[in-house]
Amino acid sequence: MAVVTTGDAAVPEEAGPLAPPGAARIRRLRPSRRGPQPRLSWRIRLRRDRSLIIMVLPAMLLLLVFNYLPMFGTVSAFEYYDPIYGFLHSNFIGLQNFTDLFRDQLFWQAFQNTLVLSFVQLVLYFPIPIILAILLNTVLSSKLRSFIQAVVYLPHFFSWVLVVTIFDQMLGGAGLLNEFLRQHDMSTWNIMTSGSAFKYLVTAQAVWKEGGWGIIVFLAALAAIDPALYEAAAADGAGRWRRMWHITLPGMRGMIVLMLVLRLGNALNVGFEQMLIQRYAVGPQHAEVLDTFAYYYGIGNGNFGYGAAAGLFKGVISLVMIFAANRLAHAIGEDGLYRK
Amino acid sequence: MSAADAVFGRRNRRPLDGSIPRKRSKGRAVWEEQPTLVGRFGKGTVLTAVVLLVLLPLYAVILTSFSSEGAITRAGGSLVIVPDGLSLGAYREIFSNGVVTRAVVVSFAITFAGTAVSMTVSILCAYGLSRARSLGHRFFLMAMIVTMFFSGGIIPGFLVVSELHGYDQFWALILPGGVSVFNILIMRGFYQATTQDLIDAARLDGAGDWRILWSVVLPTTKAVTAVMTLFYAVGYWGSWFNVLLYMPFDNSKWPLSYVLYEYVNLGVKMPGTSTGGAGATVQHQIASPFAISMAVVVLTLIPIVVVYPFLQKHFTKGMLTGAIKG
């Protein structure tokens, strides 16, 4: 069977007259990942792999239509796009949309909101799953641990509409908090419509929805730490906190950096649906982010080219940020999203 | 065993007869110091608070949806926390009303159809890319990863679907987000990890790739299939933005999420309920409008909460073993 797993194309010829019944098929075997690299012409490989290629095609078709066509559709950012004429025959106006955009006070407001929200989430949200994972990892009863995990993962599966509705019932004008304040003759505070508290509100929502789910990767990193390290450290006299500082945290370092890279690369994505749902209640001066700006001015106002320009601006900056974040990860000796 | 012991492990794990237990499969290691009282108490408080923060809002919403009008009035018109007069009025009312019933049907239809499409396409693609050194897999992989890094944005996506006449069509809620590259990469990781010997043996027995996928790979990777099915299903169940984009005006086509948004979140009057003031014509007990709103919330919540416990045990496995490999 060793012959089979190395999968050399020359095998059938050498098999001779005493070859087993399956020998004719050996030719079609793909090599396992280890082993010598076979040199086959692309025709043979095409015949061998045609069913694999057929399997990939439906996904490729969907990506082509709904991901790649829109990429070419960004040409509308350089057009005065008119739905009647479509992408190909709309009026080409060069950089006009962009010059308008960069002069638009509301656009810069949206850009600023995006960065502020992203920063607040980075500072207040990012450490929570890490702390929670370390805490949960010290719970000894495995039944209790999986119960807590089950509970904190749950909100991840709720849609944003649901989450915002639940928050509204808790913190909104008619919500539980204000009802409590009213009953105790205190002044009420509708957090759901408060502009100044909005960045903390959306962070709280993000923590409630995703903070629990976020621990999953950190728990995995913790599980990968060799317990012998802890034992050795304890034998050398390291206390609980020293072990956490010198073993637990370094063990999580790679995962923390990876998550940080993902977060930085996604800095301009700050909960599009979340903002869109609450934009009306809070007002655009606080809740407008780049995505909602593109949506409102592009689709809401029918100025498609303008919205597409805002979207393209965001896409390009995001791309730059992903590469920059990875550079940063490489600079401190971690893999990040991809290797150097 | 007290609750505190359950959280932090028993202080003394020795059996009563004084013998030393043979195996310490779980629990505190011998070299580990006993936790301080403050530490135990603090940890218990934090973890209890975290669990309650998630569960209490859900409990209050569910209880309110089952509360009678009197109970809600006594609670000052907001959520009911202490059970005080239960009633099924809210549910009777929304199910006698066409909008919500239809929305439930639409939501289930979108979820089933969408998940079926997404899973079929994803499984095939993940397997197609999982065999080492197959023709073109590098190219396909790159083509997929590029979409993770750069997207054309919302507007061009909307325009493409519009130019394909997707407006007001159900496929516009399913196909544009039909495949998640991330999910496919995770599944591919699992398929790559399927023992090569098993696959080679099947091939020697004359199985082609379709057969291998169906009879060898899928049965050995049920955990990831379950998790991915849940991910896609939850996505479709909560689909909201695509509805806003492609069918915001026809309320007979709305799924539950959008009904929730329109009638609860925005507070638009739901046609045909007592929220619309037409309560006089309704013969059965009139439910409080607030209970009706909460009943809609509970309806969007229930399928997730019901399916979730069965799949939860697969999460860690499903997310981790399939870490992205180049």
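This is a predicted model: local features need pLDDT of at least 70, side-chain atom pairs count only at pLDDT 80 or more; totals for chains, interfaces and linings use all residues.
A helix axis here is a line fitted to C-alpha atoms over the stretch in contact, and the angle between two axes runs from 0 to 180 degrees between N-to-C directions. The axes of H4(A) and H7(B) come within 8 Å and cross at roughly 110°. Angles of 65 to 115 degrees count as roughly perpendicular, and H4(A) and H7(B) are therefore roughly perpendicular to each other. Their crossing is right-handed. On the H4(A) side, the contact is made by Phe66(A), Leu69(A), Pro70(A) and Gly73(A), while H7(B) brings in Pro156(B), Gly157(B), Leu159(B) and Val160(B). Sorted by class, these residues come out as six nonpolar and two polar, with no charged ones.

Stepping back to the whole contact between the chains, 86 residues take part from chain A and 89 residues from chain B. Helix H4 of chain A, which spans residues 42–73, gives the largest share of the chain A side, at 20 residues. That side of chain A splits into 54 nonpolar, 20 polar and twelve charged residues. Leu47(B) sits in helix H2 of chain B, which covers residues 37–65. Residues with 20 or more other C-beta atoms within 10 Å count as buried, and Leu47(B) has 21, so it is buried. Leaving aside residues up to four places away in sequence, Leu47(B) touches Leu135(A) and Ile148(A).

Next come the chains one at a time. Chain A has 19 helices and two strands, and 36% of its 340 residues count as buried. If one takes the chain A contacts between residues at least 6 apart in sequence, 62% of them join residues at least 24 apart. Chain B has 16 helices and zero strands. Of the 326 residues in chain B, 41% are buried. For chain B contacts between residues at least 6 apart in sequence, 70% link residues at least 24 apart. The domain assignment of chain B gives domain 1 at 37–90 and domain 2 at 97–285. The centres of these two domains of chain B, taken over C-alpha atoms, are separated by 33 Å.

Within chain B, helix H6 (residues 137–149) packs against helix H9 (residues 181–193) at an angle of about 135°, their axes being 10 Å apart. That angle makes H6(B) oblique to H9(B). H6(B) passes H9(B) in a left-handed crossing. The residues that meet are Met144(B), Thr147(B) and Met148(B) from H6(B), and Val181(B), Phe182(B) and Ile184(B) from H9(B). By class, this contact of H6(B) with H9(B) has five nonpolar residues, one polar and no charged.

Chain A has a helix pair of its own to look at. The axes of helix H14 (residues 227–235) and helix H15 (residues 240–265) of chain A come within 10 Å, and they cross at roughly 145°. H14(A) passes H15(A) in a right-handed crossing. From H14(A), Leu229(A), Tyr230(A), Ala233(A) and Ala234(A) meet Arg243(A), His246(A) and Ile247(A) of H15(A). The contact of H14(A) with H15(A) has five nonpolar residues, one polar and one charged.

Asp185(A) is not a glycine, yet has a positive phi of about 55°. Asp185(A) lies in the loop between helix H11 (176–183) and helix H12 (198–211) of chain A. With 6 C-beta neighbours inside 10 Å, Asp185(A) counts as exposed. In chain B, Asp168(B) likewise has a positive phi, of about 65°, although it is not a glycine. The loop that holds Asp168(B) runs between helix H7 (154–163) and helix H8 (171–174) of chain B. Residues with 12 or fewer such neighbours count as exposed, and Asp168(B) has 12 inside 10 Å, so it counts as exposed. Helix H7(B), at one end of that loop, is the helix that crosses H4(A) at roughly 110°.

Notes
Residues are numbered from 1 along each chain as its sequence is written. Chains are lettered from A and ligands numbered from 1 in the order in which they are written. Helices (H or I, at least four residues) and strands (E, at least two) are DSSP runs, numbered from the N terminus. Angles under 35 degrees count as roughly parallel, over 145 as roughly antiparallel, 65 to 115 as roughly perpendicular and the rest as oblique. A crossing is left-handed if the near helix is turned anticlockwise from the far one by less than a right angle, and right-handed if clockwise. Two residues are in contact if their C-beta atoms, placed from the backbone, lie within 7 Å. Ala, Val, Leu, Ile, Met, Phe, Trp, Tyr, Cys and Pro count as nonpolar, Asp, Glu, Lys and Arg as charged, and the others, Gly among them, as polar. Domain bounds come from an automatic or database domain assignment.
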